[in-house]
Amino acid sequence: MIVKEIIVVEGRSDTEAIHRALDADTIETNGSRVSKRTLRAIQNAQARRGVIIFTDPDYPGERIRKIVSRAVPGCKHAFITRAEGQGGVNESLGIEHASPRTILRSLEKVYTQFEEPEERISVQTLRNLGLLGSKTSRSLREQLCDLLNIGYANGKQLYKRLRMFQIAESDLRQALDVIRSKE
């Protein structure tokens, strides 16, 4: 697999995990306080080769993803699930714990962020499908997010991600059918 884009990760351990999976260039944010210098480097990378944001499936990773997305329009996004990023006992959650196979799969399924996305799925539709407002919503959202490979999302984040990545209602319904067929 060849990745032309530069992959934005949190730290050196993440870069090492990426390199175990494939030969790719990375920019490390060195934590969730992304410096102006790092943002300029990411902006330059986006202008020259494109950028894939590939951060940990936790709060700091999501914070970095939001900071970079706001500062650098048009980024692509790759995600792993919390289970795929789980380290051993007393270890953190992150890309550094993902297998090379998981990393490759995630990079094959990147999403491009649309700058002015149209609403394709309404909040009411999400409620009607059981993704918001019911006792089983969280579990259903977790399964859906894993299947769509968009990272964990609470109800509000799910709405934003579906919109940001312009996921069609038909794709959402198809994924839900897959989940419900396994029950």
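A: What follows looks at one strand residue, then at its sheet, a pocket and a helix.

The model is predicted: local features need pLDDT of at least 70, side-chain atom pairs count only at pLDDT 80 or more, and totals for chains, interfaces and linings use all residues. Residues are numbered from 1 along each chain as its sequence is written, and side-chain values use heavy atoms, with hydrogens and water left out.

Start with Thr112. It lies in strand β5, residues 111-112. Strands (E, at least two residues) and helices (H or I, at least four) are DSSP runs, numbered from the N terminus. Thr112 is partly exposed, at 37% relative accessible area. The classes are buried, under 20%; exposed, over 50%; and partly exposed in between, with a 1.4 Å probe and protein chains only.

Thr112 touches Gly74, Cys75, Lys76, Met164 and Phe165, leaving aside residues up to four places away in sequence. Contact here means heavy atoms within 4.5 Å. Gln166 is 54 residues from Thr112 in sequence, yet their C-alpha atoms are 8.8 Å apart.

Lys76 is also the bridge partner of Thr112. Strand β4 (residues 76-77) and β5 run antiparallel, joined by 2 bridges. Two strands count as paired if DSSP finds at least two bridges between them. The open sheet has 5 strands with mixed pairing, in the order β2-β1-β3-β4-β5. β2 (26-28) and β5 are the edge strands, each with a single partner, so one side of each has no neighbour in the sheet.

Now the largest pocket. Its space is about 480 Å³. A pocket is an open set of points on a 1 Å grid over the protein atoms alone, where a 1.4 Å probe fits, with protein on both sides within 12 Å along at least five of seven lines; lining residues have an atom within 4 Å of a point. Points are joined across faces, edges and corners, and the volume is the space filled by probe spheres set on them. Of the 16 lining residues, Lys66, Ser69, Gln113, Lys160 and Met164 are closest to the centre. Helix α7 (155-164) and helix α3 (59-71) each supply at least two lining residues. α7 gives the most, 6.

Finally, helix α4, residues 100-108. Thr102, Ile103, Ser106 and Leu107 are buried there. They sit on the same side of α4, because they cover an arc of only 130° around the axis. That arc is taken over the directions from the helix axis to the C-beta atoms. Exposed Arg101 and Glu108 are on the face turned away from the buried side. The cover over the buried residues includes β1 (6-9), α1 (12-21) and β3 (51-53).
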